[in-house]
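This report describes the fold of a protein, with attention to helix packing, aromatic pairs and selected individual residues. Please keep the sequence and the structure in view while reading.

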Amino acid sequence: MDPVQSSGDASPANPQPIHRVQQNVLARGERWLLDRLCARMPRWVSPDMLTFAGMIGALAVFAGYAASNLGDGWMWLAIAGYVLHWFGDSLDGSLARFRRIERPRYGYFLDHSCDGLATTLVVLGLGASGYVQLEVALVALAGYLLMSIHAFLSVRVMGELRLSYLKAGPTELRLILIAMTLAMIALGPTPLVGLFTGFDFFVGAVGVLLICLFAVQTASVARKLAIEEPAVKFR
């Protein structure tokens with residue numbers, strides 16, 4: 001998700017500028033909205049405050065899903081959490097760049113640390129609900145973590161930070177999860193096959209897709225690096 005206070009311009013391992021690759025469907029419209037929100041943000045609001053707000057949103061998502069065992073109405077807390085998480089996670093780095101107060105190494109480290117924790121909370125929340133089996137949710141978490149590893153390695157060896165894959169980024173993913181949560185409210189946790197609901201199959205499919213995408217992207221980057229750095233032949 002959008003790097004906090006750094007815009008992905010540098011990393012501890014690579015002080016050189018990093019090329020941001022963001023080709024998601026909503027990128028242009030989202031940038032237009034974020035620029036206007038930054039221009040209207042009160043001076044007392046800092047990027048770190050927005051980062052904290054984003055983490056509160058992730059906790060709300062976890063709490064909403066976990067509490068859904070007590071009633072579907074708690075799902076609305078999860079939906080509100082997604083909105084708050086988008087607000088904080090998307091605006092913290094944008095505000096730092098708008099005010100020209102970036103802290104590249106600090107921002108890079110804090111942002112990706114918070115991303116990992118926030119995603120873990122979301123996935124564990126899904127697994128704690130009665131809609132998705134924990135084992136299935138963990139497959140999706142494994143896929144996310146593998147793609148994160150790929151992104152971090154690409155920064156080091158390629159000098160680029162990919163923020164989207166298959167025309168989708170964090171914002172599109174949040175919208176998909178919100179739509180899935182609305183479907184949970186409407187349809188309930190009705191088993192489809194054995195103990196597994198339709199939401200199990202959806203979340204599991206997303207996890208498998210991410211794992212396959214990791215394998216494809218890894219092979220692609222490795223092939224490109226092999227061409228750029230041919231093996232030395234000894235006589």
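In which loop is Arg100 found? Arg100 lies in the loop between helix 3 and helix 4. The phi angle of Arg100 is near 60 degrees, a positive value in a residue other than glycine. Most residues other than glycine have a negative phi. Arg100 counts as exposed because its relative accessibility is 73%, and residues are called exposed over 50%.

**Overall architecture**

The model is predicted. The secondary structure of the protein consists of 7 helices and 4 strands. Starting at the N terminus, the order of the elements is β-α-α-α-α-α-β-α-β-β-α. Of the 235 residues in the protein, 45% are buried. Among the contacts in the protein with a separation of 6 or more, 79% are accounted for by residues 24 or more positions apart. The accessible surface of the protein is about 12,600 Å², and 70% of this surface belongs to carbon and sulfur atoms.

**Helix packing**

Two packed helices are described by the angle between their axes and the distance between the axes. For helix 3 (residues 75-99) and helix 6 (residues 170-187), the packing angle is about 170 degrees and the axes are 9 Å apart. Helix 3 and helix 6 are therefore roughly antiparallel to each other, since angles over 145 degrees count as such. On the side of helix 3, the contact includes Met75, Trp76, Ile79 and Tyr82, and on the side of helix 6 it includes Thr171, Arg174, Leu177 and Ile178. The residues of this contact of helix 3 with helix 6 comprise 10 nonpolar, 4 polar and 2 charged.

The axes of helix 2 and helix 4 come within 7 Å and cross at roughly 10 degrees. Helix 2 is therefore roughly parallel to helix 4. Among the residues of helix 2 that take part are Asp48, Thr51, Met55 and Tyr65, and they belong to a set that meets residues of helix 4 including Tyr106, Leu110, Cys114 and Gly125. The contact of helix 2 with helix 4 divides into 17 nonpolar residues, 2 polar and 1 charged.

**Aromatic pairs**

The structure holds 3 aromatic pairs. One of them is formed by Tyr65 and Tyr82; it is edge-to-face, at 6.3 Å centre to centre and with 70 degrees between the planes. This pair links distant parts of the chain, as Tyr65 is in helix 2 (residues 47-67) and Tyr82 is in helix 3, 17 residues apart. Tyr65 and Tyr82 are both buried.

The ring centres of Tyr131 and Phe199 are 6.0 Å apart and the planes stand at 70 degrees, so this pair is edge-to-face. Tyr131 is in the loop between helix 4 (104-128) and helix 5 (134-158), whereas Phe199 is in helix 7 (residues 198-228); the two are 68 residues apart, and the pair links distant parts of the chain. Both Tyr131 and Phe199 are buried.

The following C-alpha distances join positions that are separated along the chain.

| Residue pair | Separation in sequence | C-alpha to C-alpha distance |
|---|---|---|
| Gly64 and Ile79 | 15 residues | 8.0 Å |
| Gly127 and Ala137 | 10 residues | 5.6 Å |
| Val221 and Met158 | 63 residues | 8.4 Å |

Gly64 has its place in helix 2. Gly64 is buried, with a relative accessible area of 0%. Leaving aside neighbours within four places in sequence, Gly64 is in contact with Trp74, Met75, Leu77 and Ala78.

Gly127 is found in helix 4. The relative accessibility of Gly127 is 16%, so Gly127 counts as buried, the limit being under 20%. With neighbours within four places in sequence set aside, the contacts of Gly127 are Val132, Gln133, Leu134 and Ala137.

Val221 belongs to helix 7. Val221 is buried, and its relative accessible area is 17%. Not counting residues up to four places away in sequence, Val221 touches His150, Val157 and Met158.

Note on methods
Residues numbered from 1 in each chain as written. Predicted model: local features only at pLDDT ≥ 70, side-chain atom pairs only at ≥ 80, totals over all residues. Heavy atoms only, no water. Axes fitted to C-alpha atoms, helices over the stretch in contact; angles between N-to-C directions. Parallel < 35°, antiparallel > 145°, perpendicular 65-115°, else oblique. Contact = heavy atoms within 4.5 Å. Nonpolar A, V, L, I, M, F, W, Y, C, P; charged D, E, K, R; others polar. Buried < 20%, exposed > 50% of the residue type's maximum accessible area, 1.4 Å probe, protein only. Areas by Shrake-Rupley, 256 points an atom, 1.4 Å probe, with all protein chains shown as cover. Phe/Tyr/Trp six-rings, centres within 6.5 Å; stacked < 30°, edge-to-face > 60°.
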